[in-house]
Amino acid sequence: MFVCRALAFQFLIIFGHSTEECYFSEIERPLVNTLLNRLLQSAEDDSTIPDPAAFLALRLANQHNLKGELRFQQRLTEIAVRKVIEGEDFPIGPTALYTLAFRSACLDPAYISDGHSHINLVKPLGDKLKQEIQNLELNRQPLTDYYQLTLAVLALCIEKQPVSTYVVEKLIGSIMNYEAPFGEVFLVDTASMSVLALSCLHRSPINDIPRLKIEKAIVRLLLEILATKHEDGTIGTTDNTGLAVQALIVNQQLKFQQFQCSDYVAKLISEIPKGTFDSVQKISRVIPALEGRTYLDAQSLDCSSDQDNLPQENES
């Protein structure tokens with residue numbers, strides 16, 4: 001606890017300024033583009049439900065296939081509208097992901113239309129978060145889990161929706177008041193998503209929680225995340241590394257000496273030819289880190305400046 005407090009105070013005055021850029025060489029760009037094309041292709045099969053996390057990853061990339069992304073967006077819109085209008089099961093995690101995905105396309109998640117009907121994803125997301133917290137209060141566990149809870153907090157924060165002080169206090173308490181954050185076996189992906197959510201709240205002008213209190217929770221989680229680093233450059237597991245790097249990117253101003261972003265990017269790049277990222281879910285998690293971006297960037301993308309510059313795999 002002393003280390004967390006010392007670090008939080010030491011870096012308080014520079015919180016909010018970035019340092020090292022994450023990058024890979026242009027020679028390696030075709031490897032990343034191969035992953036992007038796989039995400040695009042995943043939305044072409046009408047027999048499967050496209051993944052909003054895959055679309056979010058495409059939007060956070062630096063190269064785009066605008067027609068392919070538009071088709072992907074239209075499919076997500078049709079599915080989201082149908083789910084809400086027909087009262088299908090729409091859990092908190094997917095609702096948050098759809099919210100982030102639509103925001104990354106410069107759409108308003110509070111007004112999504114398929115041309116016939118329109119839906120509001122933001123209000124039900126807030127309602128679902130209340131249910132999570134109610135269950136946490138009654139049973140000391142969220143209704144789902146902390147990963148989905150903090151994903152919802154992140155999405156609501158990005159939509160500039162107030163997250164109640166009670167919710168934030170319960171989240172910070174779960175991080176700071178136990179030997180292991182959240183009172184369970186330490187999970188890198190949950191900790192990383194929590195860092196992203198807390199980092200958004202830290203920057204939010206409508207958040208009432210003292211910023212130093214949030215910083216202490218962020219620092220504790222980052223220290224725990226870095227403690228899971230292996231000699232081969234992975235954090236936790238290879239699957240966890242992309243999300244963990246996002247958490248570290250968004251807080252590079254803390255200048256942890258253990259974190260050299262380009263080293264982690266190089267490790268992730270080296271795994272592509274091995275076929276390590278062999279599913280849409282794995283690719284979706286790694287793309288933002290490879291592109292030096294995080295889920296927080298979903299709120300600040302300039303869609304009008306996108307260039308149609310992603311080579312297709314059948315192009316020479």
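This is a predicted model: local features need pLDDT of at least 70, side-chain atom pairs count only at pLDDT 80 or more; totals for chains, interfaces and linings use all residues.
**Cys106.** I then located Cys106 in the loop between helix 5 (92–104) and strand 1 (112–113). I also checked the backbone: phi of Cys106 is positive, about 65°, although Cys106 is not a glycine.

**Arg140.** Here I found another positive phi in a residue other than glycine, near 65°. Arg140 sits in the loop between helix 6 (122–139) and helix 7 (146–158). Is Arg140 buried or exposed? I read a relative accessible area of 71% for Arg140. The cut-off for exposed is over 50%, so Arg140 counts as exposed.

**Helix 13.** I went through helix 13 (280–290) next. How many of its 11 residues are buried? I noted 8, and the helix is mostly covered. The buried residues are Ile283, Ser284, Arg285, Val286, Ile287, Pro288, Ala289 and Leu290. I note that Arg285, a charged residue by the convention used here, is on that list. What do the buried residues of helix 13 pack against? I listed helix 2, helix 3, helix 7, helix 9 (188–203), helix 11 (238–249) and helix 12 (261–271). After helix 13 comes Gly292, and its phi is positive as well, near 70°.

**Pro311.** I followed the chain into the segment after helix 13 and picked out Pro311 there. With a relative accessible area of 37%, Pro311 is partly exposed. Which residues does Pro311 contact, leaving aside its neighbours within four places in sequence? I found Asn33, Asn37 and Gln63. Helix 2 spans 29–41, and Asn33 and Asn37 are contacts of Pro311. I also took one distance: the C-alpha atoms of Pro311 and Ser113 are separated by 30 Å. Along the chain, Pro311 and Ser113 are 198 residues apart.

**Negative patch.** Which residues form the negative surface patch? I recorded Asp45, Asp46, Glu78 and Asp114. I followed up one of them, Asp45, and placed it in the loop between helix 2 (29–41) and helix 3 (52–60). Asp45 has 36% relative accessibility and therefore counts as partly exposed.

Methods. Residues are numbered from 1 along each chain as its sequence is written. Side-chain values use heavy atoms; hydrogens and water are left out. Patches are made of residues with over 30% relative accessible area and no salt bridge: like charges are joined within 9 Å, nonpolar side chains (Val, Leu, Ile, Met, Phe, Trp, Tyr) within 5 Å. Accessible areas come from the Shrake-Rupley method with a 1.4 Å probe; for residues, only the protein chains shown count as cover. A salt bridge is a side-chain nitrogen of Lys or Arg within 4 Å of a carboxyl oxygen of Asp or Glu. The place of a charge is taken as NZ of Lys, CZ of Arg, CG of Asp or CD of Glu. Helices (H or I, at least four residues) and strands (E, at least two) are DSSP runs, numbered from the N terminus. Buried means under 20% relative accessible area, exposed over 50%, partly exposed in between (1.4 Å probe, protein chains only). Contact means heavy atoms within 4.5 Å.
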